[in-house]
Amino acid sequence: MSKFDKYFLMTPSDAIDYAKEKLSIFSCDSELDSKEIGDGNLNYVFRVWDKKSDKSVIIKQAGYTARISDDFKLSPDRNRIEAETLRFQGDLAPGLVPIVYKYDDIMSCCSMEDLSDYTIMRQALIQHKTFPKFAEHITTFMVNTLLLTSDVFLNHQEKKSLVKSYTNPELCEITEDLVYTEPFNDYKQRNDVFPPNLDWVKKELYSDNDLKLEVAKLKFEFLTNAQALIHGDLHTGSIFVNENSTKVIDPEFAFYGPMGYDVGNIVANMLFAWINADATMDNEEECINFKNWVENTICEIIDKFKSKFLKIWKEEAKEILAKTPGFADWYLSQVIHDTAAVAGLELCRRIVGMAHVKDITSIENESARLRAERICITVAKRYIKNRKNYIYGEQFVNTLKEVENEFPG
């Protein structure tokens with residue numbers, strides 16, 4: 001009889017016992033220690049390591065409510081989805097996700113490779129570090145995990161079976177509320193707006209009916225377009241990096257949705273890094289250099305994604321009508337339009353919603369933060385309203401530069 005035969009929420013000491021009993025990573029004479037290191041909104045993350053060796057493991061456990069708020073009642077099945085997604089993504093994009101050792105459906109926990117020698121990308125970007133290989137890595141990850149899980153490549157029956165397996169209603173509802181609805185009306189009265197910006201936000205978001213019409217269209221696209229297996233929460237807080245490697249983590253929001261959702265989230269979070277540097281860096285030359293790197297990376301993300309997407313499509317597409325001349329270009333253009341729109345949604349929701357980003361909240365100067373938030377929301381509105389005008393990476397950056405000039409520092 002084991003205490004792990006029935007679900008309970010673990011403590012660090014429980015995680016040690018779990019590692020000893022359930023995993024084959026450590027030797028019998030190991031001297032284990034553990035710490036809860038989770039800083040996300042939903043789950044509990046334990047790092048367990050051997051004091052006498054370099055062996056370690058991450059144990060991630062799902063609770064029945066979110067850490068961010070008990071208002072979110074969630075099925076711990078999201079941990080199964082995460083484990084299965086990581087394994088699937090590992091096959092499609094080798095080396096770009098952590099290795100999964102075990103999924104335990106009783107304890108609703110997943111044991112995986114420890115990436116402690118990496119840095120969470122958001123933290124590194126706030127320190128204004130650059131990663132020249134990131135655009136190459138993340139575009140390979142996105143093209144492989146998105147295009148290769150779509151109807152373009154999969155047998156349609158197989159794909160429909162995957163849609164069923166990756167149905168994720170509770171976490172999709174969080175996205176539907178926090179990304180597609182509440183930032184534009186605060187109908188649940190839980191938005192968290194920087195007080196000096198409240199009246200401006202009410203005018204620019206809550207009172208802009210043209211914007212809300214476009215957001216309504218986008219929400220129903222998210223609800224109905226089972227295009228590919230998307231990560232569903234692909235931001236710089238869900239990516240580990242070092243100079244030579246990138247690892248994507250936390251696909252618990254994974255489900256079959258529109259491809260542009262993942263690409264747009266990456267673009268928006270790179271923009272947050274640019275905004276943070278613009279607001280906080282004192283050395284002008286260093287600030288310009290960092291911002292230039294971010295701008296070039298955004299261009300590369302869009303343009304490398306497109307070129308890799310079309311290359312794989314041309315070489316490996318299975319659906320007969322997908323080979324119709326002109327169809328691949330049309331299909332990809334729709335993904336890039338969605339990318340612009342989702343980048344706008346992410347920019348809005350991280351400014352006014354309940355789940356903020358440190359890129360913005362760490363800006364200590366009130367006037368600098370006010371300006372940063374207004375740049376984000378103004379860029380966002382143009383991405384959303386004019387999404388069909390975006391084709392190339394340079395266009396995303398040009399909008400940012402135009403808006404920057406409209407809000408002189």
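Author: **The packing of H13 and H14**

Helix H13 passes helix H14 in a right-handed crossing, a term used when the near helix is turned clockwise from the far one by less than a right angle. Helices here are DSSP runs of H or I with at least four residues, strands are runs of E with at least two, and both are numbered from the N terminus. This is a predicted model, in which local features need pLDDT of at least 70 and side-chain atom pairs count only at pLDDT 80 or more, whereas totals for chains, interfaces and linings use all residues. Residues are numbered from 1 along each chain as its sequence is written, and side-chain values use heavy atoms, with hydrogens and water left out.

H13 covers residues 366–385 and H14 covers residues 393–406, and the two pack at an angle of about 135° with their axes 9 Å apart. The axes are lines fitted to C-alpha atoms over the stretch in contact, and angles run from 0 to 180 degrees between N-to-C directions. That angle makes H13 oblique to H14, because angles under 35 degrees count as roughly parallel, over 145 as roughly antiparallel, 65 to 115 as roughly perpendicular and the rest as oblique.

On the H13 side the contact (heavy atoms within 4.5 Å) is made by Arg371, Ile375, Thr378, Val379, Arg382 and Tyr383. On the H14 side it is made by Phe396, Thr399, Leu400, Glu402, Val403, Glu404 and Glu406. By class, the contact of H13 with H14 has six nonpolar, two polar and five charged residues; Ala, Val, Leu, Ile, Met, Phe, Trp, Tyr, Cys and Pro count as nonpolar, Asp, Glu, Lys and Arg as charged, and the others, Gly among them, as polar.

Glutamate 404, which has its place in H14, deserves a separate word. At 13% relative accessibility glutamate 404 counts as buried, that is, under 20% relative accessible area with a 1.4 Å probe and protein chains only, where over 50% is exposed and anything in between partly exposed. Leaving aside residues up to four places away in sequence, glutamate 404 touches Arg371 and Ile375, as well as Trp274, Asp278 and Lys291.

As for the whole, the protein chain has 14 helices and ten strands, and 58% of its 409 residues count as buried. Among contacts between residues at least 6 apart in sequence, 72% join residues at least 24 apart.
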